[in-house]
Amino acid sequence: MPPNNDSNIANPNEDLAIPSWINVDYFKDIVAKDETDLVEIKKFTPTAAIPPGENFTSVMLRLHFDLEMKDGSTKHKTYIFKTMLDEEKGGKVIKDMSLFPKEMKMYSTYLPAFEELYKHVGWNIQFAPKCLLTEKKDNRINFLFEDLGCKNFKNLDRLEGCDMEHMRCVLRKLAEFHAASAVYEERNGPYGEDFKYAFADPRHGPGFLKTVHDTNTAPYKKAMAQWGMENAEEYIKKYPTYDQFWKCALATLKHERNKFNVLTHGDFWSSNMMFSYTENKEIHEALMVDFQLCKWGSPAEDLLFFITISAAADIRLKEFDNFVAIYHGRLLECLKKLGYKKPLPSLRELQQAMYDKNNTFYAFFACINHLPVVLLPSDKDANIENFSSPDDVGERLRMKTYTNPRFVAVIKDIFKFYVQRGLFNFEDYDED
């Protein structure tokens, strides 16, 4: 790739403040290891990697390098760099949830092991981009990845969601990931302590989720009254108290030994998938990113989260049961191929898990926390600090998000769908 002028380098988020420690000296040795014919780094330009609203738990940068090579040529090379938020910008919440140590373990140990399971049986399945660096330095955990953009991978438009072709592809990839995780656990024993928890982590108390409930409840209920729902008050009454919400979240930590469990992705929605395409615009390959919230649990957790947030509006509810069946078919193929020795989960059991009270949190949390943000067009003020802020800035952003016409058009049907199927019957948790 030829050298690039700064004027030609796109920056999708001009408002992102790039830390001063991210400089050319920091990356000299790393780039030299990757590019063995490197003589000198001639130019270094860091930019945001993604627009506002695509990621709330980390700083994502695209690093542009102009490299002088041994043959005298100049090569333009890009990488994706991921690091932690500063504590005053929401990083403390992320640190308390152990998101970065967990992702470090995923890239260093589990993902390579999952891919090796498939290689051993003759299947070439890749789950994630190549990770060139995982390090803990100066109390930060950092990652350097290959830039999938150079291989023409891209994200879907989160505002439009996944059509049927993309849903089928993603559900199959999720099944492959889950199957490998179940086989790995069967052969090697339980995952580490951090992988018992995700959004709900009683080790640190309810902090993050209490903030979500405290700041979201009043504006969300206020917005619901404006959605134009018939019998709106009946649905508003279904919104859980904090005690019910916390018990619903804790229920995700309960696992029955005789039920099929996997290592879930935990934050599975369209922007955590990247796709490449053939010349005919058919999907060629799909890779997963962002493994910070993985936990041991029911596959229904990822399914509820993904379908709720990322299926296109015209198929989300119409194909709901079919999505589960598509996933289940590929799951069984993979489990059998990998030699899983425990009983295979039936489609009936998986469909029942979608309505199990231990998994409901992932449907409700998607509706109140992720879906409204995902359907909000890019906004420079959309960040974790502002969304959790109790001041007027936060309140205006939340109301803007919950009354956004694109969100309102889909949430009315989704909320009703889950209420009518008993998922949002939060009185059930009063008995726990």
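Reader: Where is Asp-290 found?
Author: Asp-290 is in the loop between β8 (283–288) and β9 (295–297). Helices (H or I, at least four residues) and strands (E, at least two) are DSSP runs, numbered from the N terminus. The phi of Asp-290 is positive, near 65°, in a residue other than glycine.

Reader: Before I go on, what am I looking at, and what are the ground rules?
Author: This is a predicted model, where local features need pLDDT of at least 70 and side-chain atom pairs count only at pLDDT 80 or more, while totals for chains, interfaces and linings use all residues. Residues are numbered from 1 along each chain as its sequence is written, and side-chain values use heavy atoms, with hydrogens and water left out.

Reader: Ok. What about Asn-152, buried or exposed?
Author: Asn-152 counts as exposed because its relative accessible area is 59%. Asn-152 sits in the loop between β5 and α4, and has a positive phi of about 65° although it is not a glycine.

Reader: Switching to the sheet. What's the strand order?
Author: The order is β1-β2-β3-β5-β4, five strands in an open sheet with antiparallel pairing. Two strands pair if DSSP finds at least two bridges between them. β1 (38–48) and β4 (131–137) stand at the edges with a single partner strand each, so one side of each has no neighbour in the sheet.

Reader: How many bridges between β4 and β5?
Author: Six, in the antiparallel sense, with β5 covering residues 140–146. Lys-136 stands opposite Ile-141 in β5.

Reader: Which helices pack on the sheet?
Author: Helix α1 (residues 24–34) does, touching β1, β2 (59–69), β3 (74–83), β4 and β5, and its direction makes about 120° with that of β1. α3 also packs on the sheet, touching β3, β4 and β5, with its direction at about 40° to that of β5. Contact means heavy atoms within 4.5 Å.

Reader: Is α3 straight or kinked?
Author: α3 has a kink of about 45°, centred on Met-106. The bend at a residue is the angle between axes fitted to the seven residues ending there and the seven starting there. Helix α3 (residues 99–120) has 22 residues and reaches 30 Å from first C-alpha to last, close to the 32 Å expected at 1.5 Å a residue. That expected span is 1.5 Å times one less than the number of residues.

Reader: Where does α5 bend?
Author: At Asn-216, by about 40°, and Pro-219 follows within four residues. Buried residues of α5 include Asn-216, Pro-219 and Tyr-220.

Reader: Now the core. Which residues touch the most other members?
Author: In the largest nonpolar core, of 116 residues, they are Phe-114, Tyr-220, Tyr-418 and Phe-424. Helix α4 (residues 164–188) gives the most to this core, with 11 residues. A nonpolar core is a set of buried Ala, Val, Leu, Ile, Met, Phe, Trp, Tyr and Cys residues joined through side-chain atoms within 4.5 Å.

Reader: What is Phe-114 in contact with?
Author: Leaving aside neighbours within four places in sequence, the contacts of Phe-114 are Phe-127, Phe-177, Ala-180, Ser-181, Tyr-184, Tyr-191 and Leu-263.

Reader: Last one: His-178, buried or exposed?
Author: His-178 counts as buried, because its relative accessibility is 0%. His-178 lies in helix α4, and beyond residues up to four places away in sequence, His-178 touches several residues, among them His-265, Asp-302 and Tyr-327.

Conventions:
Buried < 20%, exposed > 50% of the residue type's maximum accessible area, 1.4 Å probe, protein only. Axes fitted to C-alpha atoms, helices over the stretch in contact; angles between N-to-C directions.
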